[in-house]
Amino acid sequence: MRRVGVLFGVIALLSGAAPAQQEIEDAAPAETAAVARGPSPAVMAPKAAKNRLLDITTAGPRLVAVGQQGVILTSDDGTAWTQSPSPVSTMLTRVHFTDAKAGWVLGYDATILQTADGGATWVLKHHDPKGRALYDLLFLDSNNGIAIGAYGTMLVTTDGGATWTARDDALTGLGMHLNALQKLADGTLFIAGERGLMARSTDAGATWSILDSPYAGSLFGAMPHGDKGALVYGMRGNVYAATDLASCPVVDPATWDPYARETVADAEKIAALGWRKIESPVRESLFGAVPLASGGALLIGVNGTTLKLDAGAATITAVKTPAVETLAKGVRFGEHVFAVGRRGVEDLGAAP
Amino acid sequence: MSVATTSTGFTRAILRVVEPVIFGKRVLTLTLLMLITAFLGWHSAQLRPNAGWLKMVPQAHPYMQTFMQYYQDFGGANTVLIALKNHKGDIYQPEFMETLRKAADDAFFIPGVDRARVNSIFSPSILYIEVVEGGLAGENVIPSDYAATPEMMARIRGNVAKANVIGRLVSEDQTTALIQLELLETDPNSGTTKDREELAKPMLQRLREAWQNGSDVGAKLKAVSTLLTKNEDAKAGLDYVQVGEALEKIRAKYETGDITVHIVGFAKVVDDMTKASMQVGVFFVVALLLMGLLLWIYIGSFPLAMIVVSTSLVACTWELGLLHAIGYGLDPFALLVPFLIMSVSVSHGVQYVSAWANEISTRDATPYQASLATFRSLAIPGVVALLANVVGFSTIYLINIQVIREMSVNAAFGMAGVIMVNKMLLPIVLSYFRLPNVEGFRRATELRDRLGDAVFRRMALLTRRGPAIVVTTICLLLAAFGASQYHRVQIGDTTDGVPELRPDSRFNQDARAVAANFSMGVDHLKVIAESFDDGCIDYDVMAEMDRFSWYMKNQDGVRDVLSLIELAKLANSGLSEGRLDAEVLPRAPESLAQITALVPTTTGFLTDTCDALALFIFTTDHKADTITALTDAVKHYADDLQQDKRVKLRLASGNIGVMAATNEEVRRNELPVVFYVYGVILLFLWLSFRTVSGVLCIGIPLATVTLLGYAVMAALGIGQKVATLPVLAFACGIGVDYGIYSYSVVAAGLRKGLTLEEAYFQKMRSTGKATLFTGAGMAVGVLLWIFSDLQFQKDMGILLVFGFTANMIGAIVVLPSLAHFFSKEELKHAGKDLTAGADDAIDDKR
């Protein structure tokens, strides 16, 4: 509901010439739901590698990328791409491999696909047209896995992904988008999400604590930082690092009000929360991070923004790449960094 | 010889009526003709170049019905792109941005521009949405506090990327910015939707309605004739020359050493075409001079040559005068017609003058007697040949594309002029004309005849068995070869760039520059997806469109697909914190309503009630194969892949849609037109000669030339299109002309008891050499077209040169060989005089 409130604000803001929203009630004849529900397989799309893709990863020696219209692509060299048949044509948001052969794909409509052959064939494990989009996934062992997604969605499996059950607890009850799920070096699980949401679990996801976040904007990604720390990035070039997540103060979920929260500006106050802000030269949203061999990372995002975080996570500098449109995620492949985004796969060049 | 010995009663009866008018009251007739010529001359002087866009499209084609129906909502295909390229860095330089702003402002004042559809990054409809912590920000790409400062440039750079206009309004390398305009065919102030709907109806329906609405027979006739004759877009039609000048002014104003201005679009093509077509005027003069010179050499008398040239000019005057009198303009395609008229008129004039001179020099006739005799012998076959031409030209009226129809009407007017000139004016003029130095003329003629005779004697051998078998076999082999090449002839355009203009023209250079830098170009196919009111808040409808877009986007030959779907996804992402993974269609109707409400109808993507959406499919080129593949893909999707059948996908709009319709119309008509032309010609031949021999001897060479024409087109990569379709019909018309003149003399000889060889020899001495001459003359006349700046005129020129020459060879070489096999049939009419008492003219008056 609150979302709708925001939307009306936007319309008032943007559009004097807006047509056609006045008669939503007597809109489309509801009785003629013409399309049989249920996923339809993705069409084979020769130009998929040049169009909107959302995630890319390596599966052994090959690259696997996923994106709009149920597209799943594999490549041995980053140049020639082959589309794998996909049982769904919904937007796919995430691809994750646990080894060279076993992998998972997440998407809209709570879609979960599984492969056992390195991405050549995919089996539908979960799909619900009324379900939310899933954004990230983690397997703790071969049986236990967690998938997170929009509006506080969390699905868990204890049978290796054959069945998935929705979790309902204090964290999911907040209804915030859960964007990134990471396992830190010390085994702590970490979630970053909408409106600065941060949560940690030290019991393999059984219970979650909400951290007192220094930031009120959305966090789109996270990566482990040191042995027991995390690094988060999100809206408008905001990047924060914590060296010891266990020391971060927690808040009571009942009092965590996303609309009352404000970004903490003072460095000392941020430090008191266990975090450190790393200033970015570009104020564009960051969607992905590619760990570099040197220890730092490349951060990528809106309008082809590419930033280099140094090994000590102290400074961020802009990197020039051929990309002009928004990038979502990237991966190191050989000497190069490959990213995906609105224009499909882009070779960002040799890793700095 | 007495009148009683002849028995062609019908032709005699006609001549009995016509002769007194022409020869009896020749002073009166001549005065009248002069007056009419003066009147039409005045009209033709006011003729203006005019190329309407609607004229060049098949308005009755289903695609065009869709086009017309949604013209108001989605615009048409009449897009103009002005690209400004900065050679000193990217577009985010204060100086360049100022130039762009001024140019975008100027674009509003181009005549006929649809001001609601002028798009550039300066347009208020181009905006972006950005997420900031705890809220949203949205702004025009060019902020309202715009000033040409470096800080502002940095802001604009960010906004441009967020607004997703790279590839659309800003080039990939961000050194070029586009101003995109849409022109209204009718002036926005005077044209109404009703007019366009009216125009969208098929001609037959409109005629029927006009007939039904008339109160009495008089009113009915008036309504129908107005409809038939009025120039539909003459009044409110857009003046493309003005548009072109306005565009050139923008180019001149803003093009500097650092900034180049590229302009592409149909309006520019028309302007360039109109300008280039003016050079055809020069060709006309040169052709006229050449023709006069050839005539002089051929006839051996300068004044006689001038009489033929000037009477032919009178025929052209009639043609152009009549054209203007009924309200047509002269479009670049129709410029062909005056050349044809000129050629046909000279061809007939030469026949007449040489026969006349022959009477004088060999039989000592008075000019009056000579003219009457010539009239009697040539009037009937001449008029038959001309009527065959008229009918041949008229068949192209079947193609429901106005520019072709105008060409057909235009040619018919010209033929009226030719008939008048050669069967009335020229006979009268010659009856007064005293050949100076008859003795000298006679000697010269005799000398030429002796030289000619030697050649013609040898040529007459063609009527013997041996040569006849060889020639006939070659002819049939060529025909078979031509037929085998037919499948290789492309429909539509076979080249890159704008096919009307040469590949190296400024326009095509501009087009390449724009195509290289932008994912959208001028070439786009628009598909209209009809659903129901508020269809765009129905997820299934939108999802169907999404699947369809994706399907089309992945076809070969598609650069990009743009529609409400893409913008809705962007808006949804904007409302979802700018996440790339939120560039999807939300399922909830409320959410769909919110995001589609952000897209104004002025984008041309949706109607006011959202019961129809337009999908812009930008294509890599407009080759016929590409177009067919895409329309087939749309049909395949609609038939086999579409899931939500409540959505109706309708072809087509956009320039590619128009080309698809045109190509389909051409494809549908090209064979029928050929069949009709031949049907009519063969019927005429039968009526003229009443022998199968006549039909075959003229028809077979003609058909061979037509078939070989296909081989020429295939070999040179000339496609069947609006410009070339009429050429085949015209070439047939001229070819039959040669044939009739040649065969009628041969047949007349045979009927008088000559052997075939002798009859052919006599034919060559009289009409044969005239045919030889006119074939060469006409080929020379259109040869110059090969140097035209307009590719289609070049193509037309090549085909006509081929058609004229090949038909001449057919009439001179192939016809006698065929006659060897067939012409015995003529003997059944033995004793009948085909020349309608020409000989008596001299005897009677003595």
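A: Chain B has 29 helices and nine strands, where helices (H or I, at least four residues) and strands (E, at least two) are DSSP runs, numbered from the N terminus. This is a predicted model, in which local features need pLDDT of at least 70, side-chain atom pairs count only at pLDDT 80 or more, and totals for chains, interfaces and linings use all residues. Residues are numbered from 1 along each chain as its sequence is written, with chains lettered from A and ligands numbered from 1 in the order in which they are written.

Q: Why are α14(B) and α27(B) called roughly antiparallel?
A: Helix α14 (residues 336–363) of chain B packs against helix α27 (residues 756–783) of chain B at about 155°, with the axes 9 Å apart. Axes are lines fitted to C-alpha atoms, for helices over the stretch in contact, and angles run from 0 to 180 degrees between N-to-C directions. Angles under 35 degrees count as roughly parallel, over 145 as roughly antiparallel, 65 to 115 as roughly perpendicular and the rest as oblique. The pair is therefore roughly antiparallel.

Q: Which hand does the crossing of α2(B) and α13(B) have?
A: The crossing is left-handed, that is, the near helix is turned anticlockwise from the far one by less than a right angle (clockwise would be right-handed). α14(B), by contrast, passes α27(B) in a right-handed crossing.
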